Amino acid sequence: MPQSTTSAGRNARRATTASFIGTAVEWYDFYIYGTATALVFGKLFFPGADAAAGTLAAFATFWVGFLARPLGGLIFGHIGDRVGRKNVLVTTLVLMGTATTLIGLLPTHASIGVAAPVLLVLLRAVQGIAVGGEWGGAVLMATENTEQKRRGVAGMWVQQGSPAGSILATLVFIAVGHLPDDAFMSWGWRVPFLLSALLVVIGLVIRLKVTESTDFRAAKQQEEAAPKIPVVELLRTSWPLVLLGVGASAMGISSAYFTNTFVLSWATSDLGVDRQTMLDILLVLAVMQFLWQPLAALLAQRVGAVRLMAGALIANILVAVPMFLLIATRDSVLIGVGLALGVLTGCSYYALLAGFLSQAFPVRVRYTGGPGRQPLAGGRLLHRAPAADHGLRAGPGPLPRRPRRRPGDRCAGGRRPAHRRLTGDLRPRDPPSSYHPLFPRTLMHLDALFTNGRFTTLDASRPTAHTVGVFAGRVVGLDDEVAGCTADRVHDLRGAPAVPGFNDAHQHLSMRGRRLLQLDLHTGTVPTLDALYAAVRERAARLGPDEWLFGAGYDQNKIGAHPTAAALDEAAQGRPVWLEHVSCHMGVANTAAFARAGFTDRTGVPDVAGGHVERDTGGRAAGLLQETAQHLVTRAFRPTPVDSIVAAIAAGNDKGVTEGITSVTEPGIAAADHVGHGPADLHAFHRAVEEGVLSIRTTVMPYMTVLHDAGPAGGGDTWFGLDTGLRSGFGDDRLKIGATKIATDGSLIGRSAHMCCGYHDEPDNSGFLLFDEDRLHHMINEAHRCGWQVAAHAIGDAAIDVVLDAFEAAQAAHPRPDARHRIEHFAVASDEQVRRLVAGGVVPVPQGRFVSEIGDGMITALGPERATRCYRMRSLLDAGAVLPGSSDAPVAHGSPLLGIHDMVNRRTAGGAPLAPAEAVTAEQALYAYTVGSAYAEHAEDRKGRLAPGMLADFAVLSDDLLAVDPGRIGALSVGATVIGGRVVHDAGALD
């Protein structure tokens, strides 16, 4: 259950506060150790050496912490990515505070001899290991618990821990610095270390109240487990980003090391500046940094974060020489001015560093790869250590090259190869290893920019945008996040509204394309039965004498009756005819078609279980075949040739992109005797992708009858499915295997849906199941057991009960988390069935467009009372179900805008209201056709919203879907469709 806005905001503030305090403790411990290193440790722990050698030895212990930090970063980064951020941060805070406190209790060389420096080194190593995991985790807890648009600010507050720790450390040392030298060297220096215990207790009290980070919990829920060894994956896939993160961190922390350690030692030891004076200067500088960093964050929102960081780095380099010259004057004012130059330029960069690194890697390896790389930067700074050469060499680290394109992306001369141009370059390239809202797209040239739009993102953290940046098919930033970027392609939307791409959760794309190539028999084209016969006559005249005539889309409820074989014989003049009903649940054949199937003169046609053969008074087949009986004739022309399937897919795709469709789920392939063209259906879809004629992202559902018992699978198990072990989820974002589909009953308008009681206009008919109930239970149980998502077509309330019973029994026998089974249509359902569906985590997939196109027929079939429970939507949402959007095209029109119109308005073609209480808002309908449909296919982590990391799929509309009068939604048009950042349809909306 998602958090409320109030609780999420409260947790974000608590996480940021806890991270700020933890980081302040870290920097406090660092500063007091650095200060003690410069002022105390050489004399107390290395007394046998001269002053210079003692100082060098003390600084050597200081370096041990840096050597240990990378180890701590690797250890705790690994644990943080695999187990969680919170527990790691509690551990590091306790470990760090304990080590610091023990340093304050440590006997000196005068008391225990050489054991004193040895113990100091060991405690410093423990401190370094703890600090190695602390800062990165603190940054992630703050930013990952904060909404996207405020993560930069949250990261800045973590960075405020540095000046806060410095202020506190300096104040404490100033206080003890007023002690006489004997008292200071005896016990005064220990006080700052012992106070660390109090800070740790305060930090723990707050940190323990913070919940695990939102991003980490979301990744766990989506089963995005971290790799066994995150650092190995990072070095294998993202080593340039790792190096860049190390370089960026090195520049960010070098200023603090330089100021609080080297300058303090140099000024007090070599230049003769009073210790108290230097501490006062450092205090003023820390206060200055604390005040300046929030201003730098605000400035970054105006000029761009990367611009400000780059400018600050350049300025930091330019002020280095005058800073050294001013410090060398030994004048306290000039020393302060010189250090202020370095601090102000350095902290302008440092203020933004946490936000820069916190999102530079995917969640599953972010602790190891993002802020967790800062400890390595500390290791690099050993080579810049002031005690070694009293100098500082700072550099920005390696900059990434523009990412290389994959071989074959462009031919010689810059043109894309033909197959790439045809596909719209939608084949996946290796994406950047992150989609940080600042990093990759600013330092890399983008593939595409879409500007001057009115984007509805459906991302709660950033609901609207005007610019979208795209790289490798994914959104990498919005608005100011991509300001100043260049791109291969820049498209101006000219102020047009845009929404995430429509995802039809139940559309027979290939069947829709097939019908587009056949004789159109929809009521708008053939309004009467006589007009249908005339259309058949006209088409037959253009065919050869033995050629099949295929037509589809008629509805007997609208034209008065089903066609008959005898009338079609006359119209087709001896040619075989097959006319498919609009519902796909029945069809009509003429005498020649029956003869091709082996039934001369329509005699000898058998009855079929799960189907119905309409007969004349003499017992001969009259032409109409329902449900499974259709196969008696369709077997004469199926399986369909692969070339014909590919052509149908292409036609369906070309139509779909004009309607803003970017994803579909094809509900049923491979079963020519039920749903599908034949056993080579998946091959045809692959060919369509390879040949560039399928750009819509497609999830296909193998029909359950093609699954079978494949025998032993090892370990005493058996496999039910396909012989290769293929199951739901296999594939990629272009083409993948989804649920397995099974139709349990027929259709409402065909009066074959399985109802609890008779139809209103046919009281003696309650429909029927297409399969025996025991067989349905067996198939669903076995598919569930073997890891399949199951999508069961169930329209009648009696069929819905059968399916819910089967789902519940399968889950009880073989528990599976988030199986997310589906009921396609869920057409006539009681309140109790809605409750059972939600309790079982089942996804309902109703069709909004049915309301207008076949709503009058459904009201006639159900009667006024049962019609109030027809194609429920509002009730489903109110009960807590996730509602997808779908059309069942070509049964109904496939346009998502028309479907949304009907979901909102709930009026039949005749103007009658159909279950008006089930109407939803335009925003809920849009959410259904985007996020809801993505959820139905286990893809909500990459589809449905426009946000960094999501697929760059969207539709440009003629007007704002959420602002127009609800009665006008169906009149809107799609101006352009974009899939993976590629324009696949443009009706003039883009410049």
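Modeller: Two strands count as paired if DSSP finds at least two bridges between them. This is a predicted model, so local features need pLDDT of at least 70, side-chain atom pairs count only at pLDDT 80 or more, and totals for chains, interfaces and linings use all residues. Residues are numbered from 1 along each chain as its sequence is written, and side-chain values use heavy atoms, without hydrogens and water.

Colleague: What makes β4 and β5 a pair?

Modeller: Strands are DSSP runs (E, at least two residues) and helices are H or I runs of at least four, numbered from the N terminus. β4 (residues 468–471) and β5 pair in the antiparallel sense over 4 bridges. The definition asks for at least two, so the pair qualifies. Phe471 has Arg474 in β5 as its bridge partner.

Colleague: Why do β5 and β6 count as edges?

Modeller: The open sheet runs β5-β4-β1-β6, with mixed pairing. β5 (474–478) and β6 (487–492) each have a single partner strand, so one side of each lacks a neighbour in the sheet.

Colleague: How do you know which residues of α23 and α25 make the contact?

Modeller: Contact means heavy atoms within 4.5 Å. Leu532, Tyr533, Val536, Arg537 and Ala540 of α23 meet Ala567, Leu568, Glu570, Ala571 and Ala572 of α25.

Colleague: What is the span of α9 set against?

Modeller: The expected span is 1.5 Å times one less than the number of residues. α9 (residues 190–207) has 18 residues and reaches 26 Å from first C-alpha to last, close to the 26 Å expected.
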